[in-house]
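Please have the model open as you read.

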Amino acid sequence: MFYYLDGIVSEILPGVAVIDCGGVGYGCMTTNNTLSSLKKGQKGRVYTYLNVGENIFDLYGFATQNELNSFKLLIGVSGVGPKAALAILSVCTPETLAMAIVTGDEKALTAAQGIGKKIAQRIILELKDKMAKETAAGLDFSGGKGTPAPAIFSNKATEAAQALAVLGYSTQEIQVALKGVDVETLSLEEIIRQSLKKMVK
């Protein structure tokens, strides 16, 4: 299996990045967000997903592991294929996707080409169910003061933890990632962004 490709970006085409690794050009289908982070002629790294099936051998590449994780999460939803997942991740970052799922924001998903209201609702429903199984309720967001944040949906820290759980992180990982993040004054998106940065270091 391919974990990542690290080489020179030889071509940037609509929806495809070609990474030259030792003289072999690997064409990776990808998102607009990943394409915007790559520069032709410069070194680049993409984290990959290989989709193999009958008459299918497709390679997908993503600028970050969080984007790859989000892609895997989306294609795990019934009725969501790789093309739809790429469309969603071309208009949503992993942070905004997680926020859309936690807050039930269908419009964030239907902004993607080819994503209608029904499929957006299914994504939110199925991934919220996944989130519920890995609920972050009861985590201590007090910074060691011993008073856990109330496990209510409106609490920013709890919402951030739930969003991170949607992206597949464990309770322990979330606890560590949120330590030291100013959950009181930062926006929900910034809390999630800073937490994700800490987890991929």
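The second largest pocket holds about 260 Å³ of space. Its lining is made by 15 residues, and Thr64, Asn66, Glu67, Pro94 and Glu95 lie nearest its centre. Two or more lining residues come from each of α1 (32–37), α2 (65–75), α4 (94–103) and α9 (188–199).

This is a predicted model, in which local features need pLDDT of at least 70 and side-chain atom pairs count only at pLDDT 80 or more, while totals for chains, interfaces and linings use all residues. Residues are numbered from 1 along each chain as its sequence is written, and side-chain values use heavy atoms, with hydrogens and water left out.

A pocket here is an open set of points on a 1 Å grid over the protein atoms alone, with protein on both sides within 12 Å along at least five of seven lines; lining residues have an atom within 4 Å of a point. A volume is the space filled by probe spheres set on the points.

Now to the largest pocket. Lys83, Leu86, Ala87, Ser90 and Gln113 lie nearest its centre, among 16 lining residues. Helix α3 (residues 82–91) gives the most to this lining, with seven residues. Helices are DSSP runs (H or I, at least four residues), numbered from the N terminus.

| Pocket | Volume |
|---|---|
| Largest pocket | about 330 Å³ |
| Second largest pocket | about 260 Å³ |

Finally, helix α7 (residues 156–166) is mostly covered, with 10 of its 11 residues buried (under 20% relative accessible area, 1.4 Å probe, protein chains only). Among them are Glu159, Gln162 and Leu164. After α7 comes Gly168, with a positive phi near 100 degrees.

Notes. Buried means under 20% relative accessible area, exposed over 50%, partly exposed in between (1.4 Å probe, protein chains only). On a 1 Å grid over the protein atoms alone, a cavity is a set of points where a 1.4 Å probe fits but cannot get out, and a pocket is an open set with protein on both sides within 12 Å along at least five of seven lines; lining residues have an atom within 4 Å of a point.
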